[in-house]
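Reader: Let's go through this one together. Before anything else, tell me how you count a contact and what sort of model I'm looking at.

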Amino acid sequence: MILDQFQEIKQLLSTPKKIAIIPHRNPDGDAYGSCLALYHYLLKFNHQVTVISPNDCPNFLKWLPGEEDIVVFENTTVKATQILKEAEIVFTLDFNALHRVGEKMQKVLENISPIYVMIDHHQQPDDFANFTYVDAAVCSTCQMVYQFIEKLEHLDFIDKNIATCLYTGILTDTGSFRFPATTSTTHRIVANLLDKGANNSEIYNKIHNVSTYGRLQLLGKALQNMKIVEAYQTAYITLSQSELNKFNFQKGDTEGFVNYALSLKNVIFAAIFIEDKKQGIIKISFRSVGDFSVNEFSRSHFNGGGHTNAAGGRSDVSLEKTVTKFVDLLPQYNEDLKLNK
Ligand code: 5GP
Ligand code: MN
């Protein structure tokens, strides 16, 4: 986005507006962190602001400041639809294609005509927004929101709540500052967030040290189910619906499981396939290290996308057939999957 457009947005936001902010379905730390940070920021200017999430978040995000104010579309569809219809500005955060909010909410978004502002860090954005502020090189949407506030020359407005929300998304989307998109700029921003009152140790504990017994048992099952395809430096994990039920699966429990497959020596491509009988789909997460693009792989074969090293996808056939399709695709990528770790 060019400087003029930030000025245009600043002008737009200079008088109180009705504003909705939307994360993607199955919101993660970056999605909720960025939405809530923007929420607290916009409230300072007397806007009427609502965060509308397609569905609920995992328990490990329930403590985020302002989470209790979020309207969940799936639970309160009539109210959420009304707010969306009345919104003058709709911010879409941490996603770049409208289908990522789910079918029902997508229909609502396609039938309203607010000013859409997309702030995101995924590759290949769809062209639905009036303002598209996207940088696929940035580690998280939370960093993008920080930079957005910076471009509006409002860094002084960042308070403890905003800093806490932004820190959370940067922490989770960088795998605790491990992933390659974590730059010196990220660390400078994080330093500023600490100065504004974000408590790094407390946030880490609230996100990561809240496992249930069932979750750890499920992790044990996932690790037992892991298969390695040595010829292609690939490893994958499956979890069936009955396995999830057995260990009392709660939303968010499988977060991070796929990284165990990627942590294997010589493995550069990892996947986890999770059966969701209710939705009738297999939810897939892909991860890679190095140049192999799981964004391209998922876009080409599994109706998804994301980043070079982390992407999501889904499949409408059975768990078994999905895995067979996956394994059968690997030889096509023979050259790419020979790279060194
Ligand atoms: P996860 O595997 O954690 O669901 O997703 C990995 C990354 O890919 C996240 O940044 C997520 O937002 C993104 N992602 C997941 N599914 C999709 C999709 O269908 N399309 C796009 N463009 N990105 C996705
Ligand atoms: Mn993100």
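Author: A polar contact here is a pair of N or O atoms within 3.5 Å; inside the protein, one atom must be able to donate a hydrogen and the other to accept it, and residues adjacent in sequence count only if both atoms are side-chain atoms. This is a predicted model, where local features need pLDDT of at least 70 and side-chain atom pairs count only at pLDDT 80 or more, while totals for chains, interfaces and linings use all residues. Residues are numbered from 1 along each chain as its sequence is written, chains are lettered from A and ligands numbered from 1 in the order in which they are written, and side-chain values use heavy atoms, leaving out hydrogens and water.

Reader: Good. Which backbone N or O atom lies 3.4 Å from an oxygen atom of ligand 1?

Author: Some neighbours first: a polar backbone atom of Gly 306 sits 3.3 Å from a nitrogen atom of ligand 1, and a polar side-chain atom of Arg 314 is 3.3 Å from an oxygen of ligand 1. As for cover, the protein takes up 88% of the 500 Å² of accessible area that ligand 1 has on its own (Shrake-Rupley, 1.4 Å probe). The backbone atom at 3.4 Å from a ligand 1 oxygen belongs to Ala 311.

Reader: On to the metal. What spacing do the donors of the manganese ion follow along the chain?

Author: Donors are N, O and S atoms within 2.8 Å of the metal (3.2 Å for Na, K and Ca), and water is not among the atoms, so a site may look incomplete. At 2.2 to 2.4 Å, the manganese ion (ligand 2) is held by the OD atoms of Asp 30, Asp 94 and Asp 173, plus NE2 of His 121. Read along the chain, that gives D-x63-D-x26-H-x51-D.

Reader: Are Asp 30 and His 121 buried or exposed?

Author: These two come from distant parts of the chain, 91 residues apart: Asp 30 is in helix α2 (residues 29–43), and His 121 is in the loop between β5 (115–120) and β6 (131–134). Buried means under 20% relative accessible area, exposed over 50%, and partly exposed in between (1.4 Å probe, protein chains only). By that rule, both Asp 30 and His 121 are buried.

Reader: How many disulfides does a search of the whole structure find?

Author: A disulfide is a pair of cysteine sulfurs within 2.5 Å. For Cys 139, the closest cysteine sulfur is in Cys 142 at 8.7 Å, so that is too far for a bond. Cys 165 also has Cys 142 as its closest, with 7.6 Å between the sulfurs, again too far. The disulfide count is therefore zero.

Reader: What is the relative accessible area of Gln 124?

Author: Gln 124 sits in the loop between β5 and β6, and its phi is near 55°, a positive value in a residue other than glycine. Most residues other than glycine have a negative phi. Gln 124 is partly exposed, at 40%.

Reader: Last one: the side chain of Ser 315 reaches which backbone nitrogen?

Author: Ser 315 is found in strand β12 and, at 6% relative accessibility, counts as buried. At 3.4 Å, its side chain reaches the backbone nitrogen of Val 317.

Conventions
Helix = DSSP H or I, 4+ residues; strand = E, 2+ residues; numbered from the N terminus.
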